[in-house]
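Let's take a walk through this structure together. Keep the sequence and the 3D view open as you read.

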Amino acid sequence: MYGTMVRIRRFEERAGELVEAGEIKTPCHLYIGQEGVAVGVSAALAREDYVWGGHRSHGHYLAKGGGLRAMMAELFGKATGCSMGRGGSMHLVAPEVGIFGTVPLVAGTIPLAVGSALASKLRGDQRVAVSFFGDGATDEGHFHESMNLAALYQLPVIFVCENNFYSSHMHLLEHRAEDNIHKLGEAHGMPAVRLDGNDVIAVYRATVDAVNRARNRGGPMLLECRTYRWRGHVGSAWDLDVGVKRKDELKDWLPKDPIARVRVSLVEDGMQQEEFDRIEQGIRSELEEAVAFARESPYPDESELLDHVFHSGKGCQ
Amino acid sequence: MRSLSYAQAIREAHAQLLANDPRVFVIGQGLWSPWYAGTSLQEIEKEFGRNRVLDSPVSENATAGVAVGAAIAGMRPILFHPRMDFMLLAVDPIVNQAANWSYMFGGQVGVPVVIRSVINRGGEQGAQHSQAVHAFFMHVPGLKVVMPSTPYDAKGLLIAAVNDGNPVMYIDDRWLYAEVGEVPEEMYSVPIGQAAIRREGRDVTVVSTSYMTKQASKAAEILAERGVDSELIDLRSIKPWDAEVVLASVRKTGRLVVADGAWRTCGVAAEIAATVAGEALHHLRAPISRVTLPDTPAPTSRALEHTYYPDAQAIVTCVEKLLVE
């Protein structure tokens with residue numbers, strides 16, 4: 001899990017640089033600071049389990065096993081991208097690992113996740129669905145309607161709220177009357193837990209419990225993972241311009257870095273510096289290879305502009 | 001051949017689809033209610049069980065999203081909205097999600113969902129229980145929109161919609177539920193995007209959708225008594241719509257009336273008029289004319305309702321006006 005978190009962090013840092021350099025134009029919502037959530041959750045899932053995300057889903061995609069090169073090429077708008085240059089940062093797909101689409105309409109994929117869980121129940125298979133969304137999404141009607149439906153039909157879906165304390169530029173208490181997202185589970189008829197989202201082991205353990213429950217027809221669960229978005233809502237900037245309060249908050253949150261925390265315990269367990277270096281070097285060379293691939297890849301051909309409005313094949317399984 | 005009502009034909013299509021494909025299920029409001037969607041789903045949950053026929057809470061938005069998500073995950077859901085008005089609460093899953101999904105991911109993931117809704121008006125129900133907003137959905141790339149007018153098409157288009165593999169809006173009309181017509185017992189598909197020529201004629205082309213096809217047929221009888229020979233084209237699908245058949249007919253008759261039971265501005269009739277003007281202007285011997293609702297919400301009082309909904313006489317008046325141009 002440590003390596004996956006670092007891989008996400010370095011991808012996001014590199015993407016931020018490429019945004020600043022003007023090489024990447026698609027709006028990128030960086031996941032830096034929240035890696036513990038995607039990685040802890042995904043480590044508890046099987047390859048065929050469904051994962052649904054939103055606008056800030058680079059981390060979900062990599063954690064679940066989506067191809068790094070294909071995502072980098074997608075950020076460059078290239079034909080070799082995971083969405084063939086039709087999606088950009090906010091529309092990622094990797095059907096081979098259970099990601100059938102992440103999209104930026106806030107809360108838009110929450111009912112879709114419930115639908116995939118219904119499909120799983122109707123087929124009688126063992127797949128569970130995970131819906132990742134932020135604190136802002138809990139303001140949407142989609143979310144409340146979906147929670148009720150999932151509990152009513154006892155569906156194998158896990159609602160993972162990544163409470164990063166910001167809905168775009170608005171602090172949690174500017175967009176919610178109370179800091180009580182975990183209580184919405186009980187209101188909608190399902191258990192819920194509030195977690196330190198920067199503790200990847202805690203997230204992993206809670207997800208294992210929720211997955212076991214869902215696979216055994218125990219119904220849905222809500223996990224509120226409290227974490228913090230280090231960068232701005234969109235782009236590479238640190239977003240300090242939104243106010244002094246945010247600057248103070250960031251000072252408190254930086255030491256809670258989910259990666260640094262795992263590193264401390266790995267050092268205590270005797271992991272050597274050379275091993276950390278090897279992980280870093282491996283990721284660095286993978287990233288530079290991916291950037292080179294993305295740069296060299298062709299753009300989609302203009303003659304293909306009208307393709308794919310309709311799906312020609314059969315529905316994906 | 002055996003005859004069925006339009007409502008029975010819809011029910012039979014559902015039953016055969018449920019029986020033949022384990023991926024098919026139905027979800028929406030009122031499916032277990034004693035009214036059974038105007039009998040069009042009469043006791044279907046008793047035959048196939050409440051696991052596959054789910055009467056949903058009043059959560060149009062999430063229910064639509066659930067159907068879309070299940071379709072992406074490989075099922076073949078039929079989502080049901082008992083009125084089009086209610087479906088407007090579910091526009092995000094339909095337009096932002098289902099319609100765009102294939103394109104956004106380079107055609108790698110399809111959304112084989114059928115979104116059935118009903119035009120259910122009259123009886124002094126008023127503005128929020130009467131709307132026919134099919135043109136909204138016709139506007140959106142990635143959606144197909146079908147509107148059967150006969151029992152035969154009601155069955156065949158539903159089967160085609162479920163098997164299409166893309167999001168299809170299936171829009172039926174409560175004012176047609178009692179119509180009776182021949183319907184084969186076996187499963188069959190009516191191709192999406194193909195119009196039907198209901199009557200051949202040489203003086204005027206009348207293109208209609210759904211219930212207005214019935215009114216157009218009545219109008220043609222009245223006009224025939226007065227020596228006017230109308231050609232009637234029932235669009236059946238409004239997206240994609242059969243421009244080839246319409247254009248060929250207009251090139252023959254030189255006159256076009258489009259009858260659609262919805263608002264005038266940016267409606268089906270406007271789109272067809274624009275296409276015909278662009279492709280066959282020199283064949284027109286008279287201006288194109290539209291028979292639609294006025295750009296006004298539906299009233300309640302029967303006195304106003306009577307004037308609000310166009311009928312066969314409105315089409316007759318329109319045609320006669322064109323003939324003196």
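Chain B splits into two parts: domain 1 covers 3-182 and domain 2 covers 196-323, with bounds that come from an automatic or database domain assignment. A quick word on what you're looking at: this is a predicted model, where local features need pLDDT of at least 70, side-chain atom pairs count only at pLDDT 80 or more, and totals for chains, interfaces and linings use all residues. Residues are numbered from 1 along each chain as its sequence is written, while chains are lettered from A and ligands numbered from 1 in the order in which they are written.

Back to those two domains of chain B. Their C-alpha centres are 26 Å apart, and 23 residues of domain 1 are in contact with 22 residues of domain 2 (contact is when the C-beta atoms of two residues, placed from the backbone, lie within 7 Å). On the domain 1 side, α6 (134-138), β6 (144-146) and α7 (151-164) of chain B each bring at least two residues to that meeting place. Helices (H or I, at least four residues) and strands (E, at least two) are DSSP runs, numbered from the N terminus. That side of domain 1 has twelve nonpolar, six polar and five charged residues; here Ala, Val, Leu, Ile, Met, Phe, Trp, Tyr, Cys and Pro count as nonpolar, Asp, Glu, Lys and Arg as charged, and the others, Gly among them, as polar.

Now for chain B as a whole. Count up its pieces and you get twelve helices and 14 strands. The C-alpha atoms of chain B fill a box of roughly 60 × 45 × 40 Å along the principal axes.

Next, look for a sheet. In chain B, five strands line up as β9-β11-β10-β13-β14, making an open sheet with mixed pairing (two strands pair if DSSP finds at least two bridges between them). At its edges sit β9 (196-199) and β14 (289-293) of chain B, each pairing on one side only. Strand β13 (residues 256-263) of chain B runs parallel to β14(B), with four bridges joining the pair. One link to find: V258(B) has R290(B) in β14(B) as its bridge partner.

Finally, how do the chains meet? 40 residues of chain A are in contact with 36 residues of chain B. On the chain A side, β3 (99-102), α5 (110-123) and α6 (141-152) each supply at least two residues, and α5(A) gives the largest share, nine residues. By class, this side of chain A has 19 nonpolar, 17 polar and four charged residues.
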